[in-house]
Amino acid sequence: MKVGMDGLAAAVEEALETYGREVAEGTRRVVQATAEQCRREIREKSPRRTQKYAKGWRIQETVQGSGLVKETVYNAAAPQLTHLLENGHAKVNGGRVEGKAHIRPPAQRAESSLVSGLEEVVRR
C-alpha cells in the first residue's frame, strides 16, 4: 500500500487502531478460554464428598470502562469451604484434616498459559 506524505499520519493511526482492536479481541478470547480451562481443572480435582462443592465452580466476567476484561473463578455452592479444603483445618475434637491442593495448581497453570497466550496475541 502506497501512502503519500499527506496521508501518512492517517494511515499510521488507522493501522494502530486496527492492531489495538485485534489485540483487545484476542486478549478477551485468551482470558475467557484460560478461565474456562482453569474452572474445568478445579472442578475435576475438587474433593467429592458431595457433588455440590465440585459442581459449584463458576466464572464471573467483569468488564471495566477501558475494555479491560477480568474473569474470576469462584465456588458459588460453598465458598466458605475453599480455604478449608485447599489448606486443611483443625477438627472439633482435636486433630487435623490435611488439605487437598485442588485450586492452586490449576491457577498456576492458568497463569503461565495466560502469559504465553497473551504474548502470542501481541506478536501477531
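Here's a quick rundown of the charged and aromatic contacts in this structure. Keep in mind that the model is predicted. The count of salt bridges comes to six, and a search of the whole structure turns up one aromatic pair.

**Salt bridges within a helix**
- E36 and R40 pair up in a salt bridge at 3.6 Å, N to O; they sit four residues apart in helix 1, about one turn of the helix.
- E36 is partly exposed at 24% relative accessibility, and R40 is also partly exposed, at 37%.
- R39 joins in too: E36, R39 and R40 are linked in a network of salt bridges.
- Over in helix 4, E119 and R123 are four residues apart, about one helical turn, and they form a salt bridge with the closest N and O atoms 3.8 Å apart.
- E119 is partly exposed at 40% relative accessible area, whereas R123 is exposed at 66%.

- E41 and R109 form a salt bridge, with their closest N and O atoms 2.7 Å apart.
- E41 belongs to helix 1 and R109 to helix 4 (residues 104-123), so this pair ties together parts 68 residues apart in sequence.
- E41 is buried, with a relative accessible area of 15%, while R109 is partly exposed at 38%.

**The aromatic pair**

**Positive patch**
- K45, R48, K55 and K100 gather in a patch of positive charge on the surface.
- R48 is in the loop between helix 1 (8-45) and helix 2 (51-55), and is partly exposed with a relative accessible area of 39%.

Terms used. Residues numbered from 1 in each chain as written. Predicted model: local features only at pLDDT ≥ 70, side-chain atom pairs only at ≥ 80, totals over all residues. Heavy atoms only, no water. Patch = residues over 30% accessible without salt bridge, like charges linked within 9 Å, V, L, I, M, F, W, Y side chains within 5 Å. Areas by Shrake-Rupley, 256 points an atom, 1.4 Å probe, with all protein chains shown as cover. Salt bridge = Lys/Arg side-chain N within 4 Å of Asp/Glu carboxyl O. Lys, Arg positive; Asp, Glu negative; His and termini not counted. Charge placed at Lys NZ, Arg CZ, Asp CG, Glu CD. Helix = DSSP H or I, 4+ residues; strand = E, 2+ residues; numbered from the N terminus. Buried < 20%, exposed > 50% of the residue type's maximum accessible area, 1.4 Å probe, protein only. Phe/Tyr/Trp six-rings, centres within 6.5 Å; stacked < 30°, edge-to-face > 60°.
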